[in-house]
Amino acid sequence: QVRLVESGGGLVQAGGSLRLSCTASTRTFSYYAMGWFRQTPGSEREFVAAIRWSGGRTVYSDPVKGRFTITGDNAMNTVILQMSNLKPEDTAVYYCAASEDFCEDYRCYGIRAPYGEWGQGTQVIVSS
């Protein structure tokens, strides 16, 4: 049973930074991509960022583009989300996800469909 474990959430003031980490309990060589989503109460889970291991291609949602950076280490089974210039609207539970589906167009990882593995989530609160 694969487990994705997130860490690094917490409380930060607007304009601050947080670093989220996600580690898979198994080697990620079977995954083609890993990503981050977020969800607030009463809302749909929304895409934040993803990285496809092949070619290291990344994709971001418009609200976080230029502020968040996703990186990963396939050998370490880890994907990182560096969040800077945080805003109160970034407050959410952040979920790590992994995909065993290969997408020729890396932008396909910007939706939920390719992801079959999910973490339990880590809370991020940005105060104004």
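**Salt bridges, disulfides and a buried arginine**

Guide: The count comes to five salt bridges, where a salt bridge is a side-chain nitrogen of Lys or Arg within 4 Å of a carboxyl oxygen of Asp or Glu. The model is predicted, so local features need pLDDT of at least 70 and side-chain atom pairs count only at pLDDT 80 or more, while totals for chains, interfaces and linings use all residues. Residues are numbered from 1 along each chain as its sequence is written, and side-chain values use heavy atoms, with hydrogens and water left out.

Visitor: What is the general idea behind such pairs, and which residues are linked in a network of salt bridges?

Guide: Side chains of opposite charge can pair when their charged atoms come close. Here the network links R38, E46, R67 and D90. R38 and E46 meet at 2.6 Å, N to O. In the pair of D90 and R67, the closest N and O atoms are 2.7 Å apart. Strands are DSSP runs of E with at least two residues, numbered from the N terminus.

Visitor: Is D90 buried or exposed?

Guide: Buried means under 20% relative accessible area, exposed over 50%, and partly exposed in between, with a 1.4 Å probe and protein chains only. D90 has 0% relative accessibility, so D90 counts as buried. R67 is buried at 10%, and R38 is buried at 6%. E46, at 35%, is partly exposed.

Visitor: Where is R45, and which side chain of opposite charge is nearest to R45?

Guide: R45 sits in the loop between strand 4 (33-39) and strand 5 (46-52). For charge, Lys and Arg count as positive and Asp and Glu as negative, with His and the chain ends not counted. R45 is buried yet has no salt bridge, and the nearest side chain of opposite charge is E6, 7.3 Å away.

Visitor: Which side chain does a polar contact join to R45?

Guide: A polar contact is a pair of N or O atoms within 3.5 Å; within protein, one must be able to donate a hydrogen and the other to accept it, and residues adjacent in sequence count only if both atoms are side-chain atoms. The side chain of R45 has one of 3.2 Å with that of Q39.

Visitor: How many disulfides does the structure hold?

Guide: A disulfide is a pair of cysteine sulfur atoms within 2.5 Å, and the structure holds two. C22 and C96 form one, with sulfur atoms 2.0 Å apart. This pair links distant parts of the chain, 74 residues apart, with C22 in strand 3 (residues 18-24) and C96 in strand 9 (residues 92-99). The torsion about its S-S bond is about -80°, so this disulfide is left-handed. C22 is buried at 0%, and C96 is buried at 0%.

Visitor: What of the link of C103 and C108?

Guide: The sulfur atoms of C103 and C108 are 1.6 Å apart. With 80° about the S-S bond, the link of C103 and C108 is right-handed. C103 counts as buried because its relative accessibility is 12%.

How values were computed:
Helix = DSSP H or I, 4+ residues; strand = E, 2+ residues; numbered from the N terminus.
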